[in-house]
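Please read it with the structure open.

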Amino acid sequence: MARILVVEDDAVLRDGIVFALTREGHQVRAAESLAGMMEKLAEPVELVILDVSLPDGDSRDFLPGFRKGNGVPVIFLTARNTEKDMIAGFDAGADDYITKPFSVPLLLRRIQAVLNRSLRQNSCMYYSGELRYDFEGKELVIGEKQILLTPTEIRLLEVFLNNRRQVLTREMLLARVWDDRESYVDEKALAVNIRRLREKIEEDPGNPSRIRTVFGIGYKWEEL
């Protein structure tokens with residue numbers, strides 16, 4: 001899940017995009033002009049979907065100045081589909097360029113590709129479905145709810161996120177979550193902390209989909 005701002009003056013198209021993104025689990029805000037976009041950006045977003053031709057200006061003229069103070073990725077939407085127009089869009093600073101008309105599945109895939117690239121460049125944030133974790137702020141949000149974690153749960157979660165899709169043995173987790181300065185911790189304490197973390201992040205803690213048990217070995221974080 002990501003926080004996305006849709007800037008489009010065509011109300012029907014704007015509402016359709018907002019509906020599709022919301023259905024995918026994203027938090028979506030909308031504006032119909034460049035001025036409205038700047039108002040909506042009072043709260044942070046991870047992506048802007050920006051129509052090129054808006055009532056108060058051409059987004060290709062606006063974007064270079066915006067880029068100087070904001071690194072949020074931008075996808076241009078436009079009916080202008082010539083190579084010259086696309087080059088102008090990328091030269092202005094767009095991360096992607098989608099021409100109208102377009103299909104919703106294509107839009108969703110292009111959005112995910114841009115978000116994935118942004119995530120690799122900005123490793124302080126992690127997204128998976130409705131889950132969002134800020135490594136710098138040590139904040140976990142699921143949907144619109146902030147989840148409070150203990151220091152041990154934070155260390156445990158970060159070990160999983162930094163080694164996602166890899167099987168971590170119990171010994172590896174014990175060594176990485178508890179350092180040498182702390183008293184000895186056994187596998188029972190590890191199991192208790194994993195159970196508590198699952199209760200906070202899993203829809204069904206008894207049948208976890210994120211922190212999976214690899215029987216006889218340890219645990220693995222699964223991407224949703």
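Leaving aside neighbours within four places in sequence, with which residues is Thr 152 in contact? Point 2 gives the reply.

1. Basis. The model is predicted, so to speak of local features requires pLDDT of at least 70 and side-chain atom pairs count only at pLDDT 80 or more, while totals for chains, interfaces and linings use all residues. Residues are numbered from 1 along each chain as its sequence is written, and side-chain values use heavy atoms, with hydrogens and water left out.

2. Thr 152. This residue lies in helix H6; helices (H or I, at least four residues) and strands (E, at least two) are DSSP runs, numbered from the N terminus. Its relative accessibility is 18%, and Thr 152 therefore counts as buried (under 20% relative accessible area; exposed is over 50% and partly exposed in between, with a 1.4 Å probe and protein chains only). Beyond its neighbours within four places in sequence, Thr 152 is in contact with Val 177, Trp 178 and Asn 193 (contact means heavy atoms within 4.5 Å).

3. Helix H8. Asn 193 is one of the buried residues of H8, among them also Leu 190, Ile 194 and Leu 197. Seen down the axis of H8, the buried residues fall within an arc of 140 degrees, so they line one face of the helix (the arc is that of the directions from the helix axis to the C-beta atoms). Their cover includes helix H6, helix H7 and strands E9, E10, E13 and E14.

4. The open sheet. Five strands in the order E2-E1-E3-E6-E7 form an open sheet with parallel pairing (two strands pair if DSSP finds at least two bridges between them). Strands E2 (27-31) and E7 (96-99) are at the edges with a single partner strand each, so one side of each has no neighbour in the sheet. Between E3 and E6 there are four bridges, and Leu 50 has Phe 76 as its bridge partner in E6.

5. Aromatic pairs. The whole structure holds six aromatic pairs (rings of Phe, Tyr and Trp, the last by its six-membered ring, with centres within 6.5 Å; planes under 30 degrees apart count as stacked, over 60 as edge-to-face and the rest as tilted). Phe 90 and Tyr 97 form a tilted pair, 6.2 Å centre to centre with 40 degrees between the planes. Phe 90 is partly exposed at 38%, whereas Tyr 97 is buried at 2%. Ring pairs link both to Phe 76 in a cluster.
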